[in-house]
Amino acid sequence: MSDEIVFYTNPMSRGRIARWMLEEIGQPYRTEVLDFASSLKAPAYLAINPMGKVPALRHGDTVVTETAAICAYLADAFPQAGLAPAPGDRARGSYYRWLFFGAGPMEAALTNKALGFVTPEGRERMAGWGTYGAVMDAIEAAVTSSRYLVGDRFSAADVYVGSQIGFGLMFNSIEKRPAFERYWQALSARPAAVRARAIDDALIAQSKQSA
């Protein structure tokens with residue numbers, strides 16, 4: 001079985017998060033850039049991800065979709081990168097907690113805010129995220145109490161949650177709280193994050209030139 005890593009993405013998507021994760025693990029990978037208007041919904045790609053969404057990853061015969069799942073998969077597939085606490089490590093509980101908090105309550109809260117939806121008063125228990133304010137307070141407490149989400153060790157949870165904070169600060173879907181800005185400033189300066197941004201920004205510039 002070939003162990004080639006194939007990365008399906010568009011540089012103006014959540015694929016930017018997975019790109020950063022790929023750069024962090026330091027393994028070679030091949031990129032397939034998909035166009036929102038055509039190849040993303042083409043039969044060839046729908047066979048990879050029937051949702052017609054990016055990013056997606058193929059590692060040998062294994063296909064992984066959903067950004068948080070890609071981050072978690074790569075951290076476990078390449079443990080030498082040190083991006084997840086080892087099985088049996090007590091820190092793995094916090095790692096899972098924040099990785100899936102980002103994929104659940106945080107993602108939902110930010111999306112609903114962008115769409116103008118506010119949880120009706122008295123209906124908070126029906127929503128997994130409760131309220132936008134509660135989600136922001138929880139994340140602020142997490143990034144204030146320690147250097148990273150899992151104490152002093154950088155992990156895939158920081159790649160995923162940190163990216164959402166970075167996007168949120170850029171597009172004003174996250175309040176510019178000092179704790180968020182300090183956290184994102186430190187994460188965005190990581191060499192792998194810088195490389196990932198440069199790759200995707202160059203792809204965007206190239207697409208504009210060819211348009």
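1. **Basis.** This is a predicted model, in which local features need pLDDT of at least 70 and side-chain atom pairs count only at pLDDT 80 or more, while totals for chains, interfaces and linings use all residues. Residues are numbered from 1 along each chain as its sequence is written, and side-chain values use heavy atoms, with hydrogens and water left out.

2. **Secondary structure.** The protein chain has eight helices and four strands. Helices (H or I, at least four residues) and strands (E, at least two) are DSSP runs, numbered from the N terminus. In sequence order the pattern reads β-α-β-α-β-β-α-α-α-α-α-α.

3. **Overall shape.** The protein chain has a radius of gyration of 17 Å, close to the 17 Å that the globule rule gives for 211 residues, so it is as compact as a globular protein of that length. That radius is taken over C-alpha atoms, and the rule is 2.2 Å times the number of residues to the power 0.38. The C-alpha trace spans about 45 × 40 × 30 Å along its principal axes.

4. **Contacts and surface.** Contact means heavy atoms within 4.5 Å. Of the contacts with a separation of 6 or more, 63% are between residues 24 or more positions apart. The accessible surface of the protein chain is about 11000 Å², and 56% of that surface belongs to carbon and sulfur atoms. Areas come from the Shrake-Rupley method with a 1.4 Å probe; for residues, only the protein chains shown count as cover.

5. **Burial.** Buried means under 20% relative accessible area, exposed over 50%, and partly exposed in between (1.4 Å probe, protein chains only). Buried residues make up 45% of the 211 residues in the protein chain.

6. **Helix 1.** How many residues of helix 1 are buried? The count is 11 of the 11, so helix 1 is largely enclosed by the rest of the structure. Among them are R16, R19, E23 and E24. After helix 1 comes G26, with a positive phi near 70°.

7. **Aromatic pairs.** The structure holds eight aromatic pairs. Rings of Phe, Tyr and Trp (its six-membered ring) pair if their centres lie within 6.5 Å; planes under 30 degrees apart count as stacked, over 60 as edge-to-face and the rest as tilted. One of the pairs is F7 with Y29, edge-to-face, at 6.1 Å centre to centre and 80° between the planes. F7 is in strand 1 (residues 5–9), and Y29 is in the loop between helix 1 (15–25) and strand 2 (30–33), 22 residues apart. F7 is buried, at 1% relative accessibility.

8. **W20 and W184.** This pair is also edge-to-face, with 6.1 Å between centres and 75° between planes. W20 is in helix 1 and W184 is in helix 7 (residues 178–188), 164 residues apart. W20 is buried, with a relative accessible area of 3%. Ring pairs link W20, Y148, F154 and W184 into a cluster.

9. **Charges over rings.** A charge sits over a ring if NZ of Lys or CZ of Arg is within 6 Å of the ring centre and within 35 degrees of the ring normal. R190 places its charged end over the ring of F154, 3.6 Å from the centre. K113 lies over the face of Y132, 5.4 Å from the ring centre.

10. The whole structure has 12 salt bridges. Each is a side-chain nitrogen of Lys or Arg within 4 Å of a carboxyl oxygen of Asp or Glu. R195 and E23 meet in one of them, at 2.9 Å, N to O. R195 is in helix 8 (residues 191–210) and E23 in helix 1, 172 residues apart. R195 is partly exposed at 38%, whereas E23 is buried at 13%. R190 forms a salt bridge with E24, with the closest N and O atoms 2.8 Å apart. R190 lies in the loop between helix 7 and helix 8 and E24 in helix 1, so the pair ties together parts 166 residues apart in sequence. R190 is partly exposed at 22% relative accessibility; E24 is buried at 14%.

11. **Other salt bridges.** R92 and D76 meet at 3.2 Å, N to O. R92 lies in helix 4 (residues 92–114) and D76 in helix 3 (residues 67–77), so the pair ties together parts 16 residues apart in sequence. Is R92 buried or exposed? R92 is buried, with a relative accessible area of 10%, while D76 is partly exposed at 42%. Elsewhere, salt bridges that share partners join D137, E140, E175 and R177 into one network.
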